Amino acid sequence: MSDQAPPVLTPAVHTVGLTRTYGSMTALSDLNLTVNRGDLFGFIGSNGAGKTTSLRILATFLTPTSGTAKVLGCDVVTQSDEVRHLIGYMPDFFGVYKDMEVTEYLDFFAACYKIPSASRDKTVSDVLELVGLSEKKGALIGALSRGMQQRLGLARVLIHDPQLLLLDEPASGLDPRARIEMMAILQELQRLGKTIIISSHILSELQSLCNRVAIIEKGKLIYAGPVQGVRDQMSEGPVYWVTVAHGTQAQAIEVIKRCDGIKEVEMADGKIKVSLVSSETDPAAISGALVTSGLRLLGFREDEIGLEEVFMRVTRGDTQ
Ligand SMILES: Nc1ncnc2c1ncn2[C@@H]1O[C@H](COP(=O)(O)OP(=O)(O)OP(=O)(O)O)[C@@H](O)[C@H]1O
Ligand SMILES: [Mg+2]
């Protein structure tokens, strides 16, 4: 066995101080972001947060005002040709040629990428298979459904077998079934070894899909890490819902207030809402105190704040 250390792979994306202004408006401010190879990475932010700006910079279509961005080790400004061969960029809005046939369209892009004509048919068949459009080879693009057109857009960016996919809201405007189909394709692409960055303004949409997410707001990165970490970072301390027998709530509130580590106790929706100072507080002490006081405890459960609520708290609904 060799005792040589494995080669250190450059990350799929690494940005340092990436900034972009439009006149006096800062669309992206000092973004430091690393996306590892093999990540299915969610890039989340409200309208105007700076998602498209970031993705366009990574795709070499927009130059940064300052800072640097590297894609698989190549600088997006000084090595833009190399970067373009490594990435597949699907913009938020893209025109399709409605009067073209599906295969004609993909063959055209394959030719643009200088894929030799002898292997083009196979390449086109392969990408159509990947996105589940093999049945639609001869169809006119204009006759495809919205979901199919999105998948065709994805096929187009896969034609040169890029390592990194930059997908700007690929599921927007799709119905739930088409969204699920799109997400399943992305998972398959990740399994095939692609690194994928997908933007969305819906955190919960990417919750089960992505292994890591970044949240940006007003051009600033406010979180990067695993989805679960969003909740941990933003929760201000656990909340418990306590139900006791009718007519004994006031007594129960008094008992809970005397426990250690309680931030707030209030009635809400017929139940007692108990906010703890931190997760250090032992909730069993509360239920124990209630039972010891002779109160009948009918329910005691931790509040699972929805991910979307966390997101709203994180971003405070701020948009520019
Ligand atoms: N060409 C431009 N000229 C001036 N301002 C721009 C331009 N492009 C984007 N902006 C501004 O930069 C900010 C970030 O825009 P960006 O399109 O990156 O946001 P986004 O997160 O993609 O939003 P959305 O969810 O609406 O697609 C916005 O305030 C936008 O108005
Ligand atoms: Mg956008």
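First, conventions. Residues are numbered from 1 along each chain as its sequence is written, and chains are lettered from A and ligands numbered from 1 in the order in which they are written. As the model is predicted, local features need pLDDT of at least 70 and side-chain atom pairs count only at pLDDT 80 or more, while totals for chains, interfaces and linings use all residues. Helices (H or I, at least four residues) and strands (E, at least two) are DSSP runs, numbered from the N terminus.

Start with ligand 1. Around ligand 1 there are 14 residues, and Tyr-22, Ala-27, Lys-51, Thr-52 and Thr-53 come nearest. Near means a C-beta atom, placed from the backbone, within 6 Å. Strand 2 (25-35) and helix 1 (51-58) are the elements that give two or more residues to this shell. Helix 1 gives the largest share, three residues.

Now the cores. A nonpolar core is a set of buried Ala, Val, Leu, Ile, Met, Phe, Trp, Tyr and Cys residues joined through C-beta atoms within 7 Å. Buried means 20 or more other C-beta atoms within 10 Å of the residue's own, with C-beta atoms placed from the backbone. The largest core has 68 residues; Leu-58, Val-71, Ala-155, Leu-166, Ile-196 and Ala-214 have the most contacts inside it. Helix 5 (residues 146-158) supplies the largest share, six residues. A second, separate core has ten residues, including Tyr-240 and Ile-272.

What is its strand order? The order is 12-13-11-14, open, with antiparallel pairing. Strands pair if DSSP finds at least two bridges between them. Strand 12 (262-268) and strand 14 (297-302) are at the edges with a single partner strand each, so one side of each has no neighbour in the sheet.

Look at strand 11 (residues 239-244). Four bridges link strand 11 to strand 13 (residues 271-276), and Val-242 has Ile-272 as its bridge partner there. Five bridges join strand 11 to strand 14, where Val-244 stands opposite Leu-297.

Last, a helix. Helix 9 (residues 249-257) packs on the sheet, touching strand 11, strand 12 and strand 13. Contact here means C-beta atoms, placed from the backbone, within 7 Å.

Definitions and conventions: A residue is buried if 20 or more other C-beta atoms lie within 10 Å of its own, exposed if 12 or fewer, and partly exposed in between; C-beta atoms are placed from the backbone. Two residues are in contact if their C-beta atoms, placed from the backbone, lie within 7 Å. Axes are lines fitted to C-alpha atoms, for helices over the stretch in contact, and angles run from 0 to 180 degrees between N-to-C directions.
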